[in-house]
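Student: I would like to go through this structure step by step. Can we start with the ligand and then turn to the helices?

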Amino acid sequence: MDIKEQLGQFTQERFGLTPDQCNDRQLYEALLALTRRLSEARPAPDGERKLYYFSAEFLMGKLLDNNLLALGIRDQARELLASMGRDLNAVEEQEPEPSLGNGGLGRLAACFLDSIAALGMRGDGVGLNYHYGLFHQKFVNHKQMETPDPWMQPDSWLIPTGKTFTVPFGGFDLTAKLWDVSIPGAYNDRANRLHLFDVEEPAAPPENGIDFDKTDIVHHLTSFLYPDDGDEAGRLLRVYQQYFMVSAGAQLILQELEERGCGPRDLAARTAIQINDTHPSMVIPELVRLLTARGLSMDDAIDQVRRTCAYTNHTILAEALEKWPLHFIERVAPQLVPIIRELDRRAREACPDPAVAILDNQNLVHMAHMDIHYGYSVNGVAALHTEILKKAELNRFYDLYPARFNNKTNGVTLRRWLEACNPDLTALIDRCIGPGWRKAPDQLVGLLDFIDNDQVLGRLLTVKYSAKERFCRELQEAQGIDVDPSSVFDVQIKRLHEYKRQQMNALYVIHKYMEIKGGRKPEHPITVLFGAKAAPAYVMAKHIIHLILCLQQLIENDPAVRPWLRVVMIENYNVTWAERLIPAADISEQISLASKEASGTGNMKLMANGAVTLGTMDGANVEIAELVGPDNIYTFGADSDRVIHLYDDKGGQRYRARDYYHTLRVEPLVDFLLSPELLDIGDPKSLAALWRDMKGKDWFMALLDVEEYISVKDLAIRQYGDRKSWARKMLVNIAKSGYFSSDRTIRQYNEDIWHL
Ligand code: 26Q
């Protein structure tokens, strides 16, 4: 049966209508059902060894378009709808976005599932089915407000499996119910699965706000995704979530092992577990527990686990490395405590240095330490990041286990981040080099043959311009803001974090504003676009959002500045907005303080869509710079060695913000936060708090780099005016982006770590 008949059958049965009588919602439900059924019917890939990718977050984004693409019926569906005078895009608008992740780490997990399936590898995701994903962001009085994000609907991608597992918590048991999302592989006829565990009786939706009773574990365990912060009650619930996920996941693994005709002694031979940051680290003691319960000796159980588990580190920020008080674990999963103590005892026996112990003298469990001692691989997510882990943060471990350390530079799925989100650019690439780059993204370098082809360069500019026009329409519709598509789109989209330095970008805006007020117009009108959510309890991040929104308002009100400079902060930035904005970006802002951004992945998506990076030598920017060469990227700022040196003053800090603040060029920019025109718009307390922090502390050294940042950004905007040479830069960036396909990353994981 072709998809036309299948669609007709569904709409008839469900709504008593023919497809062309259906509204967009009904068509969406019909396409969802059809797509889900096709994917569900696919068998799993073959393979002796199976991967389980454990992650507290899977930031999947909308799935309909991607699944149609992977199933190879996207064009058919589009044409079918078009033949009824309907638009697939409008139907896809109906899908709620499941925001089951915070940012980079969660989105990486989603890209990896896409690539694992596309490469025909046997690998499933294991995570939690949060009923409310990351909060919905609203701007009220130039401040961020958070409201719940209910994404689950009666019709969804979730497949009930009927499987349940009992998770033994201290004092009570809880049933974990398994839901699956099918992950079809592009280019093959197989599908993997994302396993999402849920409680049996989830709580009723909250009345208002995002607050809920964090002590009601039984009903609330899977209610909310944790933003990367939390109060005490929240932290405990987080540990409940983690144990729930890993205990149910470990039981699923052992069950599937048995179904494959194997026993617990075959675990390592038949299984690889990738631990996505330390959030799933309790899977290690949990597996030891389950294996010993199935008759293995402690030695054998530990040996199996050590040959099964591999750990990915995503951060070097000390405050983000998880250390849980042992009494939390005593309360959540007391049966793990003797195992963790035994793992710690053995680790100390192997290496008496307290710096590498699992349990420290305050009885904190260092999750990463457990992963490194009891796993066979530790990887960073970009070359620079892995080097810093080896040289500094995890240096003692590197001395102990040099062979375990390896780098896997992140990647992104070009199916979503180029093919699906930017069809015009995709068509242009196809016309130049044919369709082979989809399976072999390195072939994108073939575009370099067109570096002097005026027609292709011209087309590239047209494609970018129409993506900008399209984005302008969407922005107008969503937020009622009109921006000029012929201005330079300068884009910074990522979680709000001081180390990512959105505040430094805001200082640039202030600089431009003051210049324009003083009669010096920029070479080219500029639109500075931000998309960012701040964790609800991250006070400084909220001050920075407030500053940006105040600047936005200030400029909106000023007819002398508006034609030359605009600031737009996109409300509720999420995967869907990223897909709209990335094709439209001219400049990709990647301005983290060197050494702090482990990799970044937005930088890769933007590059693949022809944006030129303006960035520090941090994370994967370093590799981007190497690939595209100095003419096709704008770099600036202190490098990681210098930054690490500035931090390292035996506890104190060599960097003193006030030394940089008290300079002719910097002081007026920072002091503008307390200018009458800004105080008139914003909250004086918030602006003053940010001002004090910037001049007195500036932990992430925005003032160190701001002057060079301003001059390099001005240079980029000047050079944007030379359209042909800019188009060349765009072309080189797209051509070199094949390296950042997550297909390449996953091949490397498989060759070096998983051996599927
Ligand atoms: C921890 C404890 C309690 C509650 C929440 C958390 C938590 C949640 C999310 C801690 C960290 C995260 C997310 C981290 C993250 O997204 N890291 C990013 O990972 C990307 C993929 O490797 C990199 O590209 C980014 O550089 C890195 O910042």
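Tutor: Keep in mind that this is a predicted model.

Student: How far from an oxygen atom of the ligand is a polar side-chain atom of Glu597?

Tutor: Two side chains can be described here. For His314, a polar side-chain atom lies 2.6 Å from a ligand oxygen atom. For Glu597, the distance from a polar side-chain atom to an oxygen atom of the ligand is 2.6 Å.

Student: Which helix gives the most to the shell around the ligand?

Tutor: There are 19 residues around the ligand, and Leu105, His314, Asn410, Glu597 and Gly600 come nearest. By class, the shell has 6 nonpolar, 8 polar and 5 charged residues. The top contribution is 3 residues, and these come from residues 104-118, which form helix 6.

Student: Are helix 10 and helix 13 roughly parallel or roughly perpendicular to each other?

Tutor: Helix 10 spans residues 283-293 and helix 13 spans residues 337-350. Their axes come within 9 Å and cross at roughly 105°. Angles of 65 to 115 degrees count as roughly perpendicular. The two helices, helix 10 and helix 13, are therefore roughly perpendicular.

Student: How many charged residues are in the contact of helix 10 with helix 13?

Tutor: Helix 10 brings Ile284, Pro285, Val288 and Arg289, while helix 13 brings Ile339, Ile340 and Leu343. The contact has 6 nonpolar residues and no polar ones. The number of charged residues is 1.

Student: At what angle do helix 19 and helix 31 pack?

Tutor: Helix 19 covers residues 454-479 and helix 31 covers residues 723-736. Among the residues that meet are Leu457 and Leu460 in helix 19 and Ala727 and Leu731 in helix 31. The axes are 9 Å apart, and the packing angle is about 85°.

How values were computed
Residues numbered from 1 in each chain as written. Predicted model: local features only at pLDDT ≥ 70, side-chain atom pairs only at ≥ 80, totals over all residues. Heavy atoms only, no water. Near = heavy atom within 4 Å. Polar contact = N/O pair within 3.5 Å; in protein donor to acceptor, adjacent residues only side chain to side chain. Helix = DSSP H or I, 4+ residues; strand = E, 2+ residues; numbered from the N terminus. Nonpolar A, V, L, I, M, F, W, Y, C, P; charged D, E, K, R; others polar. Axes fitted to C-alpha atoms, helices over the stretch in contact; angles between N-to-C directions. Parallel < 35°, antiparallel > 145°, perpendicular 65-115°, else oblique. Contact = heavy atoms within 4.5 Å.
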